[in-house]
Amino acid sequence: MSGKLVVISGPSGAGKTSVCRALKLLPGVEFSVSATTRVPRAGEEGGVDYHFLSRDEFERRAAKGEFLEWASYNGNLYGTPRWPMDTAIAAGRTFLLEIEVAGTKQLREQRVPGIYVFIAPPSIDELRQRLVRRGTNTTDDIESRVRIAREEIAASQQLVGGEPLYDHAIPNFDLAATITRVAELIGVRR
Ligand code: 5GP
């Protein structure tokens, strides 16, 4: 039995991490641990939240082709290690990637089969308020993430090879309802 890949994207603060955290608890679902050059936030653990790498180490691994996709976001590099996905899918599991839009485009260009979901914020104002409430980002970082969010929302609507980048775009007005909707879309039971 072969599993499936699920790609979840969306601007920082749109709620995608909360959606993924809930999906991760469902049976048969496994979560990709990305590599990043970003410094860990308070409470983040290496090997659990991310593999935290130096830029040199990241670039060395990227050059060796160890990442399925990788992209630069807000001054840092982020990439998906290849082999955990292959292992999970071969074992019949649902494998979740939480990645930004440029990385998603690389997967589409490689024709990686999967269900591609974009979680959108209800509005840009609401997104900014969520980032402020979260309290883990500086003011400059928040404004930078808001600017990137506008670009990501526009970019999420592009076509890749004549096909939409995302199969589904879901505005996250209510977290519980969004989780239910995504669980239905990807065919896992809650
Ligand atoms: P954060 O710094 O908030 O943890 O993540 C910043 C952005 O990078 C988020 O949009 C997140 O989904 C994205 N991201 C995390 N891991 C990866 C990855 O492996 N590849 C790509 N392309 N984006 C990632």
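Reply: Let us begin with Met-85, which touches Leu-5, Leu-68, Phe-95 and Val-112 once residues up to four places away in sequence are set aside. Please keep in mind throughout that this is a predicted model. Met-85 is found in helix H3, which covers residues 82–90, and its relative accessibility is 7%, so it counts as buried, the limit for that word being under 20%.

Helix H3 lies across E5 and E6, and it runs at about 30° to E6. Strands E5 and E6, the latter made of residues 76–81, pair in the antiparallel sense over 6 bridges, and within this pairing Ala-71 has Tyr-78 in E6 as its bridge partner. Both strands belong to an open sheet of 4 strands with mixed pairing, in which the order is E4-E3-E6-E5. The edges of that sheet are E4 (51–52) and E5, each of which pairs on one side only.

The loop between E5 and E6 contains Asn-74, whose phi is near 50°, a positive value in a residue other than glycine. Most residues other than glycine have a negative phi. Asn-74 has a relative accessible area of 28%, and is therefore described as partly exposed. Another residue with a positive phi is Arg-111, at about 55°, although it is not a glycine. Arg-111 is placed in the loop between H4 and E8, and it is exposed, with a relative accessible area of 70%.

A further sheet is formed by 5 strands, and this open sheet has parallel pairing and the order E2-E7-E1-E8-E11. Strands E2 (29–31) and E11 (168–171) stand at its edges with a single partner strand each, so one side of each is left without a neighbour in the sheet. Neighbouring strands here are turned by 25° against each other on average, if direction is ignored. E2 and E7 pair in the parallel sense over 3 bridges, and Val-29 stands opposite Thr-94 in E7. Helix H1 lies across E1 (4–9), E2, E7 and E8, running at about 160° to E7, while helix H4 packs on the sheet by touching E1, E7 and E8, its direction making about 160° with that of E8.

Strand E5 also brings us to helix H6, because the buried residues of H6 pack against E5 (67–73), as well as helix H4 (101–109), strand E8 (115–120) and helix H5 (124–134). Among the buried residues of H6 are Asp-141, Ile-142, Arg-145 and Val-146. The 17 residues of H6 (residues 139–155) should span 24 Å at 1.5 Å a residue, and the end C-alpha atoms are 24 Å apart, which agrees.

The elements giving two or more residues to its lining are H1 (16–24), E5, E6, E7 (94–98), H5 and H6. H1 supplies the largest share, 6 residues. In total 44 residues line the pocket, and those nearest its centre are Thr-17, Arg-41, Tyr-50, Glu-98 and Arg-134.

Terms used: Residues numbered from 1 in each chain as written. Predicted model: local features only at pLDDT ≥ 70, side-chain atom pairs only at ≥ 80, totals over all residues. Heavy atoms only, no water. Buried < 20%, exposed > 50% of the residue type's maximum accessible area, 1.4 Å probe, protein only. Contact = heavy atoms within 4.5 Å. Expected span 1.5 Å × (residues − 1). Pairing = 2+ DSSP bridges. Axes fitted to C-alpha atoms, helices over the stretch in contact; angles between N-to-C directions. 1 Å grid on protein atoms, 1.4 Å probe; cavity = no way out; pocket = protein on both sides within 12 Å on 5 of 7 lines; lining within 4 Å.
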